[in-house]
Structure formats: C-alpha cells, structure tokens
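Okay, thanks for making time for this one.

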Amino acid sequence: PSWTSFATSGRVSIDNGRISSSMQMKIIRNKSITVSIRPVFGIEVGRMMITPDSVVLVDKMNKIYASEQISSLTNGMPFTIEDFQNLLLNRCFVVGEGTLSDELLSRMNISSLNDGGIRISAKQKVAGFGYAFLTDANNNVTRLEAASEVDAKPYAVDYSDFKNGIAQSLSIDLTIGSIATSIAFSLDASRIKWNQDVFEPI
C-alpha cells in the first residue's frame, strides 16, 4: 500500500529538552511538512512549514515571519521535500532522487552488521556529503548518518520505538542531531492518521 498524507501530535524538544513543547505534525506527500508548536491548551504560537522550494518559520507571539530556501536546512546538501519526508518517516532514500527502490539500489552499497542488521551507504558523495542508513535485524531503519568531507562534522538521525505503519514500520521517537544541537520528536502513536484529508495551512 502507498501513502498520501500523515498526521499526528506529540512533543518536540530542542537541545536535550532545554526547550520542549506539544506539537502537531502534518505531512502531505511530496508537497509539504508542517510542524505546529502548541505549548498550552492547544493554542498555536509558532509554525514551521517546508515546501518543495522553501522553509517558512512563523512566530505568532513576536509576530515574526521568515522564509528561506530549503537548502538552508541541510548545509548545502540537495535534499528535496520527499527526502525530508522520508527522513521523518524513517524510510531509506537516495538524496535528490526519492525513496529507495529496486531501481535505485544500484546507487548504494549494502553490507551486513554484527547484530543482524544491514548498512546501506551511498556509493557517491552528494555535495561533499557521504551518508548511510543502518537497520536492525527486523529491517527497521534505526539510524541515518551523514558527514561532510569539508568540515568532517557528523550529522545523525536516530530512530526508536517502532510501530506498524504503511508498507513498513514507523519510528515514533526520533532525534536529529549534530555537534551543535539536537531536535527530538516524540509522536503520539494513538493519534497517528494515514491517508486522511490534511489541509495545508494558510
């Protein structure tokens, strides 16, 4: 089965919980990702929206609106909106080309891990970045790691607590991290909705 949309609520934390808030997340396949920050009584105070060409930040409390190119989130790595969606839904992908499929397997190296999982790494670097996915023995994607040949700074996304999803399992706890900072999402499994009407916010 395929998917067209994804929606849930949960919590988002920055810098190991230094900042933490309730949130809602909505994803429309190949169109948008919206994270709505709602710290008290479900009232939205801020929003981040990623579209195919831009990332928009809205701070309602301070009445601030900012828009940047999507590349501003990836230090120059040419992620597409589909790549960001795959990252959040713990799915393997080839940067700039889509979800990993039989047709794209030739772009990756595959090796076995001692714990029964596998490592799927890109044969060619993208914009100076090498990257790889790690899975466990149950084929759950447990980690995405990337590093730049320029500054050697490591970046990683760690996934845990897997639930049934569409076509594959879904991690409801994920942490996106680098040396400088980290952002963690904890999704409410009871509120996950697939393939229902999700409206893009104005």
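Before we get going, one cut-off: buried means under 20% relative accessible area, exposed means over 50%, and partly exposed is whatever falls in between. Also, keep in mind that this is a predicted model.

What about the partner? Asp 161 has a relative accessibility of 35%, so Asp 161 is partly exposed by that cut-off.

That brings us to salt bridges in general. Side chains of opposite charge can pair when their charged atoms come close. How many salt bridges does the count come to here? Eight. Let me walk you through two others.

Take Arg 107, which forms a salt bridge with Glu 97, with the closest N and O atoms 2.3 Å apart. This pair links distant parts of the chain, 10 residues apart: Arg 107 sits in the loop between β8 (98-99) and β9 (108-112), and Glu 97 in the loop between β7 (93-94) and β8. Arg 107 has a relative accessible area of 40%, so Arg 107 is partly exposed. For Glu 97 the relative accessibility is 40%, so Glu 97 counts as partly exposed.

Then there's Arg 143, in a salt bridge with Asp 158, where the closest N and O atoms are 2.6 Å apart. Here the link between distant parts of the chain runs from strand β12 (residues 141-148), which holds Arg 143, to strand β13 (residues 154-163), which holds Asp 158, and the two residues are 15 apart. Arg 143 comes in at 27% relative accessibility, so Arg 143 counts as partly exposed. Asp 158 is at 33%, so Asp 158 counts as partly exposed.

Okay, moving inside. Helix α1 (residues 81-88) is mostly covered, with seven of its eight residues buried. Which ones are buried in α1? Those are Ile 81, Asp 83, Phe 84, Gln 85, Asn 86, Leu 87 and Leu 88. Just past the end of α1, Asn 90 takes a positive phi of about 45°.

Now the largest nonpolar core, which has 44 residues. The members that touch the most others are Phe 6, Met 25, Tyr 131, Phe 133 and Phe 185. The largest share of this core, four residues, comes from α1. If you zoom in on Phe 185 and leave aside neighbours within four places in sequence, its contacts include Met 23, Met 25, Val 35, Leu 88 and Ile 172.

Is Ser 13 buried or exposed? Its relative accessible area is 18%, and the cut-off for buried is under 20%, so Ser 13 is buried. The Ser 13 side chain makes a polar contact with the side chain of Ser 20, at 3.3 Å. Beyond four places in sequence, Ser 13 is in contact with Ile 19, Ser 20, Ser 182, Ile 183 and Ala 184.

Most residues other than glycine have a negative phi, and most peptide bonds are trans. Lys 63 isn't a glycine, yet Lys 63 has a positive phi of about 55°. You'll find Lys 63 in the loop between β5 (54-59) and β6 (64-69). With a relative accessible area of 77%, Lys 63 is exposed.

Ala 127 isn't a glycine either, and Ala 127 has a positive phi of about 50°. Where is Ala 127? In the loop between β10 (118-122) and β11 (129-135). Its relative accessible area is 51%, so Ala 127 counts as exposed, given that the cut-off is over 50%. Leaving out neighbours within four places in sequence, Ala 127 is in contact with Gly 76, Met 77 and Pro 78. And from Ala 127 to Gly 96 it's 31 residues in sequence and 11 Å in space, C-alpha to C-alpha.

That's my tour, so over to you.

Definitions and conventions: Residues are numbered from 1 along each chain as its sequence is written. This is a predicted model: local features need pLDDT of at least 70, side-chain atom pairs count only at pLDDT 80 or more; totals for chains, interfaces and linings use all residues. Side-chain values use heavy atoms; hydrogens and water are left out. Buried means under 20% relative accessible area, exposed over 50%, partly exposed in between (1.4 Å probe, protein chains only). A polar contact is a pair of N or O atoms within 3.5 Å; within protein, one must be able to donate a hydrogen and the other to accept it, and residues adjacent in sequence count only if both atoms are side-chain atoms. Contact means heavy atoms within 4.5 Å. A salt bridge is a side-chain nitrogen of Lys or Arg within 4 Å of a carboxyl oxygen of Asp or Glu. A nonpolar core is a set of buried Ala, Val, Leu, Ile, Met, Phe, Trp, Tyr and Cys residues joined through side-chain atoms within 4.5 Å.
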